Amino acid sequence: MDAIPFSGIRKVFERAKTLEREGRPVIFLETGRPDFDTPAHIKEAAKQALDAGDVHYTSNFGTPALRGAIAGKLQRENGVAYDPDGEILVTVGAAEAIFLAYLAFVNPGDEVLYPEPTWVNYAAVARLAGAIPVPVPLRESNGYQIDLEDVGRRITPRTRVLVVVSPNNPTGTVQSPEVLRNLADLAIRHNLLVISDEIYERIVYDDQTHLSLASCAGMRERTITINGFSKAYSMTGWRLGYAAAPQPFIQAMNRVHQYNVACASAFGQAGAVAALTGPQDCVTAMVAEFKRRRDMVVPAINDIPRLSCLNPGGAFYAWVNIGRMGIGSEEFSMRLLESAHVSSVPGTVFGESGQGYVRFSYANSYERLEEAMRRLSRFCE
Ligand SMILES: Cc1ncc(COP(=O)(O)O)c(C=O)c1O
């Protein structure tokens, strides 16, 4: 257990909560969840399911209705066909799907390649499974696009899995179709299993396009696509996600899943069906609001001497270079919280290459974000 750290995000959050309880006007920008309510028609579908007595275990794989809706979505939006009977597994959040994929497919000592910085679970859960997480650093100088040579240099006979997260948390980077196609070729050449985390796929801005790795030639048979409802539909507390992959992969993951949680909540799954099959204007409106905030926050940060931030193409995070402030990420975050009452996440939480960076989430109201930017500016002065 000594190899498994507590998530550094919780540490900031707990301190921020304490300050708030003491009466300080804390603005919470460390959070990784949309600040909107779940759209009404989704909640309504879950309520109706509850009232109809939908309170029992479902199939381990998820309800047929939800698996069918997921298969329809993957075909329509991602251009990949999956059999809802055996190639889709409904999980308790995308987080569970990641856990299952690692437990099912890595042996102790296997190496897992993952882009760094990225969401904390990819390294921590690899360690839980006895594997060795091998970070591939993402560089600001090439817009945090995955560098093929950096990946190639780290492939060894023990490399089993390649993780790709696009759009990425915390950098907000959408990997270009060219990078993804080259990564696909590399994965095929080295016979790697690929975990493609596409949970932020709907939250992309401007002319960015999301490409599903499984839709690239030769990739469907080696890719586990992981997605969920938390980000696109603001359903983090519902704990619903899914994995799509060829049947032998899903069967293996289900072996772990059946002894882990058995299934996701029955009435929650009814809500998720409504999310996928109902009107999508709620997603469009949420993304438009995220974009409005990004277009205020990122220039405001770049106006502050000694801070800089690339314009993120997706997700809802600003990944800010604080290197010229002359202090480390943790000190920056803690001092900003203590003296300006703005919470952020030190970049080091996402791996060593996050030193010199902090993450701000703009999943907060426009007005509070404006106030946070004023405080950040004064703090840096
Ligand atoms: C890249 C990424 N994948 C997965 C998740 C987890 O999503 P879920 O709420 O579906 O478990 C997160 C949450 O922040 C994330 O950033």
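In the predicted model, the loop between strand 9 (308-309) and strand 10 (317-321) holds A315. Although A315 is not a glycine, its phi is positive, at about 60 degrees. This residue counts as buried because 30 C-beta neighbours lie inside 10 Å, where 20 or more are required. A positive phi of about 70 degrees is also found at A262, again not a glycine, in the loop between helix 8 (247-260) and helix 9. A262 is exposed, with 12 other C-beta atoms within 10 Å. Most residues other than glycine have a negative phi, and most peptide bonds are trans.

Cis peptide bonds occur from E116 to P117, with omega near 10 degrees, and from N169 to P170, with omega near 20 degrees. P117 belongs to the loop between strand 3 (111-116) and helix 5 (121-128), whereas P170 is placed in the loop between strand 5 (159-165) and helix 7 (177-189).

Helix 3 (residues 64-78) packs with helix 9 (residues 266-277), their axes coming within 9 Å and crossing at roughly 25 degrees. Helix 3 is therefore roughly parallel to helix 9, and the crossing is left-handed. Helix 3 contributes A65, L66, A69, I70 and K73 to the contact, and helix 9 contributes Q269, A272, V273, L276 and T277. By class, the residues of this contact comprise 7 nonpolar, 2 polar and 1 charged.

Around the ligand there are 13 residues, of which G93, A94, A95, G228 and S230 come nearest. The shell consists of 5 nonpolar, 7 polar and 1 charged residues. Helix 4 (residues 93-105) gives the most to this shell, with 3 residues.

Technical notes: Residues are numbered from 1 along each chain as its sequence is written. This is a predicted model: local features need pLDDT of at least 70, side-chain atom pairs count only at pLDDT 80 or more; totals for chains, interfaces and linings use all residues. Axes are lines fitted to C-alpha atoms, for helices over the stretch in contact, and angles run from 0 to 180 degrees between N-to-C directions. Helices (H or I, at least four residues) and strands (E, at least two) are DSSP runs, numbered from the N terminus. Angles under 35 degrees count as roughly parallel, over 145 as roughly antiparallel, 65 to 115 as roughly perpendicular and the rest as oblique. A crossing is left-handed if the near helix is turned anticlockwise from the far one by less than a right angle, and right-handed if clockwise. Two residues are in contact if their C-beta atoms, placed from the backbone, lie within 7 Å. Ala, Val, Leu, Ile, Met, Phe, Trp, Tyr, Cys and Pro count as nonpolar, Asp, Glu, Lys and Arg as charged, and the others, Gly among them, as polar. A residue is near a molecule or strand if its C-beta atom, placed from the backbone, lies within 6 Å of it.
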